[in-house]
Amino acid sequence: MKKCIALAAALLCLLTLAGCGNAPVPEKSGTGAIPFRGDQLYAAAYLGYEEMDDLSFYVETYLDGEDPPIHYLSQGDYYLIIPRYENMTLRLYQSDMETMDTVLRYEDAACRPFIVQCNVSDIFADAVICLTYETETAEFSPYISLQDGSVQMGDRGLDITK
């Protein structure tokens, strides 16, 4: 009799566990949906030249419907930048193609996702983005490679371009 009860209990447990696999798994949304790896400090997406494409996809998928602010440096490419951690410090610099001087254009101690329009020239990236989290800093200039057309986001970033 004890064996039958034990067998019935084991069968009930197996049926209960088998049903767990059919339960809906909640999908991640917002920045939690970004598949960051290792030491990546930001995600970035190329949105287009002079006009933005697919911004609504990124806003709905990664930004919970909130439109990010836009920083205009020059009439060129649009890039969406999403910091990995809250309260990252942002410094946005603009480089001058003629003098090679770099000027701080914007600073924010609690950076949120943003869009930058930059790179009026294909051969000169005029935006320098500096993101700092605690003791780690990532500095990069987003651009489109003239060699193969790929989006270049720096070595600490994740390209989420569709």
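# Briefing on a predicted single-chain model

Leu63 sits in the loop that runs between H2 and E2. The model described here is predicted. Its chain contains two helices and 11 strands, and 36% of the 162 residues are buried.

**Fold**

- In sequence order, the elements follow the pattern α-β-α-β-β-β-β-β-β-β-β-β-β.

- The C-alpha atoms of Leu63 and Thr31 lie 6.5 Å apart in space, although the two residues are separated by 32 positions in sequence.
- Asp67 also belongs to a loop, the one between helix H2 (55-62) and strand E2 (70-72).
- With a relative accessibility of 65%, Asp67 counts as exposed, since the class begins over 50%.
- Asp67 is part of a patch of negative charge on the surface, in which Glu60, Asp64 and Glu66 also take part.

**Salt bridges**

- The count of salt bridges comes to four.
- Asp39 and Arg156 form a salt bridge in which the closest N and O atoms are 3.4 Å apart.
- Asp39 is in the loop between helix H1 (2-20) and strand E1 (42-49), and Arg156 is in the loop between strand E10 (151-152) and strand E11 (157-159), so this pair ties together parts that are 117 residues apart in sequence.
- Asp54 and Lys162 are joined through their side chains by a salt bridge with an N to O distance of 3.8 Å.
- Because Asp54 lies in the loop between E1 and H2 and Lys162 in the segment after E11, the contact ties together parts that are 108 residues apart in sequence.
- Asp54 has 40% relative accessibility and counts as partly exposed, while Lys162, at 59%, counts as exposed.
- A salt bridge also connects the side chains of Glu107 and Arg91, at 3.2 Å from N to O.
- This pair links distant parts of the chain, with Glu107 in strand E5 (residues 102-111) and Arg91 in strand E4 (residues 88-95), 16 residues apart.
- Glu107 is partly exposed at 45% relative accessibility, and Arg91 is likewise partly exposed, at 26%.
- Asp39, Glu136 and Arg156 form one network, joined by salt bridges that share partners.

**Cysteines**

- Across the whole structure, a search finds zero disulfides.
- Cys111 counts as buried, given its relative accessibility of 5%.
- Cys130 counts as buried as well, given a relative accessibility of 7%.

Definitions and conventions:
Residues numbered from 1 in each chain as written. Predicted model: local features only at pLDDT ≥ 70, side-chain atom pairs only at ≥ 80, totals over all residues. Heavy atoms only, no water. Patch = residues over 30% accessible without salt bridge, like charges linked within 9 Å, V, L, I, M, F, W, Y side chains within 5 Å. Areas by Shrake-Rupley, 256 points an atom, 1.4 Å probe, with all protein chains shown as cover. Lys, Arg positive; Asp, Glu negative; His and termini not counted. Charge placed at Lys NZ, Arg CZ, Asp CG, Glu CD. Helix = DSSP H or I, 4+ residues; strand = E, 2+ residues; numbered from the N terminus. Buried < 20%, exposed > 50% of the residue type's maximum accessible area, 1.4 Å probe, protein only. Disulfide = S-S within 2.5 Å.
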